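Hi everyone, thanks for coming. Let me put the structure up, and then I'll walk you through a few parts of it.

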Amino acid sequence: MQASLEMMGETEIPKMGLRTLVRRAERRHFMTMLALMAPSVIFVALLFVIPILLFLFRSVDNAEIPTLLPKTAVALDTWRDGEIPGEPVFAALASDLHALKGSPDAALLGRRLNFAVPGYRRLITRTVTSLPGTQMASAKETLAAIDKSWLDPVYWRTLKSQSGRITDFYLLSALDLQRGAGGIEKVSGEQAIFMSLYGRTLYTAFGVTALCLLIGYPVAAVMAAARPAVANWLLSLVLIPFWTSLLVRTTAWVVLLQTEGLVNKVLLQLGVISEPLKLMFNTAGVFIAMVHVLLPYMILPVYSVMKGISPVHLRAAASLGANPATVFRTVYLPLTIPGVAAGCTLVFVLSLGFYVTPALVGGPGDQMIGYFIAYFTNSAVNWGLASALGVFLLLLIGVIYLALGKLVGFDKLKVR
Amino acid sequence: MTRSFGDTILATGTRVGLRVFTGVVLAYLVLPILVVVPLSFTSGQLLVFPLPGLSLQWYADFFSNPLWTVALRNSVAIGLTTTALATTIGTMAALGLHNAKFRMKPLVMALLVTPLAAPVVIVAVAMFYFFATLNLVGTYAGVILAHTILALPFVVVTVSATLQSYDPNMTRAGASLGGSPIYVFRTITLPIIAPGIASGALFAFVTSFDEIVIALFVASPQQRTLPRQIFSGVSESISPTIMAAAVILLAVSLALMGVMELLRRRSERLTGGINKQR
Amino acid sequence: MNIKEKCRVGVSGLAVMLIMSVVSQAASTEKLTVVNQGGAPGDAQRKAVFEPFTAKTGIGIVADTYNQELAKIRAQIETGNLIWDAASVHSLNESIGCDEGLLEPIDWSKLLPEADFKAVGGFGKCGAPYLVSPGGLVYDAERFSGNEAPKSWKDFWNIEKWPGKRGLPYQPDQVLEIALISDGVAPKDVPEVLAKPGGVDRAFAQLEKIKPHIVWWKTGDESMQLLLTKEIAMGYGWQGRVNVANRSNKRNLRIVWEAGYTSAVIYMAVMKGSPRKQEAIELIKYTLAAEPQAHYAELMGYPPANERSFALLSEENRASQPTKFLDRGMMQAGDLYIDFWRDNGDSIRQRFSTFAAR
């Protein structure tokens, strides 16, 4: 930039004035820099931000029902909950359903409604296949003859509450809530799984973070206090698991923790235990493996902060007669807080989203939100619910970032 | 200089205790990983110690089974392409961010590093839906693009950090001597920040090479990568061949870590030297 | 070599890699891509079916694996981005996939003799049954022998007489059915009882009785490990797994067929809109023929779906089959069964996971 400025300088400065020139050069410089940033920004916006937003939108998206049952959606506008709708509504439904005859859309509609009321799928399939034609004396009687369920307000309530373009159904489901006759209510105890899922996810993340801090803090302190050569070696040892594939580490733990695994064999031979411990497919296994995976994320930021603490402060405090515990509490600990906050944020946020490790070493009761997102995406094909769980997981993470991020700042998240 | 708490004021007993504790923790960190190494050389079928004998049969199995060799080739190809893509645009972005002054700068930086903060499972599922509409699920392009998103923040952050310690006077000096911006960049800036770019590239490669969740959602059998092949093996039954695959993955990771360490030292030397002249 | 040269070599290497991967992808599209469950059954299918089929017809086959995730089929159909040509689907997915237009409807009775497949429930609207996977009460014959051996699911529930843990799969299907059998329901009546109001509650109540003694397992491999290591006294297990476990560990695990068992039926179906529909149909016809069926049964131990294959089995294999107790088997197929699980599967799975985690 400066070079071009000088080259132009000889001929053009007199005409335009220096200020304009500098401004123009600055603008050109800025545009060049913008052009350099553009590919990455566009790339991330297009392939990361948009997909995530589209994914989150699925938690409220409800295109299927208004598209497949357009007349019914309109006709139901005037319907009041608690009563059986009149002939026009039945006629609208009969006509909508008749149009779905022989198309896979009937099955899609059934699947969608079955999320809300089990058995709705069969009601739709049966009604669609048994509808005689568009000409009928009374649509109400015809539908009721095909299946008495059409005289039950529950099915109409579901239809009505699901007939908008936007639905709160998935978000409510992900909070163990549903819309009943009297508005929003809790689902029955047997069906309520999500609140305990968040509880379990938070509990695991808290537990793993606390363990990492308890174990990692003293280790980081020893590393920071070691001679540079030794510290370099210790750092390498911490970096080895850090660089090793998550999958290799998890595989190793599967081998070690199995009932027939190495840990049990050694403990049995040493006589510490008399029968093998159950270390895998339970909470213990998840904690052992997750702490192992995440410990470097705690040690590294804490260590880098500790390394920067000048020993002068500590000596000063000690020379004034403070005992080690007091020096630690009043001088050392406060100085290390930024590192601790960074480490805790990292470990906590990373563990909230864990999926692979619990899937391989955890038991049925140890799976976290990530597992259920994958489950509802792949196996249950309930994409709205998968997305709703994603919304709450991201909300949790957002809250943590806001709370702790103020203390740390994004630039501290440098470690791999 | 770096001695902080321990040596300064702690009693010897506490100090020794802390060191023993550190030793135990480091053993917990490293030994479980190393356990796969001897097991991959077992001559038996079962993953037990003591080994019945040593043998290379599981490596032979690995390299003769197309499932594994294709997975290895895929991992390397996807990793290299991801690295090239992420390093190029990531370095450009870091340069742009470093040299431009504007109010939105922290926001752009935050945008570029958010893929690090989002849980991979959400990224993977979101990309699965999005790529499905673009016909990118089950293609090399899909996996590479997704991996590039995950690798990009590492490049941006690493190169930005290197640029922090780069002395802008070097550029000015070059420019004042009549070099064009591109010439100055190529002959002065690039060689100095090269170790940083290389570190970023290594991070990018390892990110892609070790990645499993995206591979589970976005890839199809044609793009089956090494981690994905190991994953399906582990969730079914663990054979010694999986140990051999794990050792290969481990060896690549450790080799890259070694290169990284060398780069870090070199970079410290280079920028350290410049800073002294200042 | 200076840096510039190195870069050049690196870049050209990359280009070669890219081209290679693109080319290899293009080459593989010339072949038929078939997805199955992988693992030991996948290996057996490759040896018994795919390889001889390729030798006979010259049509190459690429095998992929999945865990019956319907989403993976749906994503391909909805985007018109077909990766697979034929898929192995269990009965529930066959029914859903067919209704929702994910699989090609094919009248198999025109292509194959239907009578040979009557025993496994006949053809589906889209799929043809190629594999039966029975699962029953398994115990270690070295541990319990003679009169001490458990003989019924009632015995499975009898913790006093047979102390120890019980292994069950971590999934409601098959488990609820077994709970009903242990409560005195005849295996063939199970789908009806389960679908009736109160049927599910009855099954859960029965499970509740032995809940503290249940070890839930997630993979077939694990189900056998639990038995081999004597961590459980008895468990539910699939026939093929038991066979492989006995063979490779020289053990004597036994399935109590007469106690009643469940029998999953797996189908092969053509993906909707596959450009290689004809080749896929040929492959499925070959898969269901008597000889490959018998070959597969020898490798995996599962009974063949084609009845005529029984005659081709070895003496030893035939003895291990539940042929004598066909009336004690509950086929996981049929409209009643499929409709029940399609309507209630999601809510039952939710209830099951809270039940198991409690």
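When I say helix or strand, I mean a DSSP run, H or I over at least four residues for helices and E over at least two for strands, numbered from the N terminus. With that in hand, chain B reads α-α-α-α-α-α-α-α-α-α-α-α-α from the N terminus on, that is, 13 helices and zero strands.

Some housekeeping. This is a predicted model, where local features need pLDDT of at least 70 and side-chain atom pairs count only at pLDDT 80 or more, while totals for chains, interfaces and linings use all residues. Residues are numbered from 1 along each chain as its sequence is written, with chains lettered from A and ligands numbered from 1 in the order in which they are written.

Let's stay with chain B. Its C-alpha trace spans about 70 × 65 × 30 Å along the principal axes. Of its 278 residues, 53% are buried. Buried here means 20 or more other C-beta atoms within 10 Å of the residue's own, exposed means 12 or fewer, and partly exposed is in between, with C-beta atoms placed from the backbone. Two residues are in contact if those backbone-placed C-beta atoms lie within 7 Å. Among contacts in chain B between residues at least 6 apart in sequence, 76% join residues at least 24 apart.

On to the cores. A nonpolar core is a set of buried Ala, Val, Leu, Ile, Met, Phe, Trp, Tyr and Cys residues joined through C-beta atoms within 7 Å. The largest one has 278 residues, and those touching the most other members are L294(A), V36(B), A124(B), V125(B), V218(B) and A86(C). Helix α15 (residues 283-307) of chain A supplies the largest share of this core, 15 residues. Apart from it lies another core of 29 residues, including F90(A) and A139(A). Back to V36(B): beyond its neighbours within four places in sequence, its contacts include V248(A) and V255(A) from chain A, and M243(B) and L250(B) from chain B.

In chain C, an automatic or database assignment sets the domain bounds, giving domain 1 (9-132 + 265-321) and domain 2 (134-263 + 335-357). Their C-alpha centres lie 28 Å apart. The contact takes 13 residues from domain 1 and nine from domain 2. On the domain 1 side, α4(C) has the largest share, four residues.

Finally, how confident is the predictor? pLDDT is its confidence in each residue, from 0 to 100. Chain A has a mean pLDDT of 84, with 93% of its residues at 70 or more. Over residues 1-9 of chain A, pLDDT is below 50, and it stays under 50 over residues 410-416 of chain A. Where pLDDT is low, the predicted coordinates should not be read in detail.

Conventions
pLDDT = per-residue confidence, 0-100.
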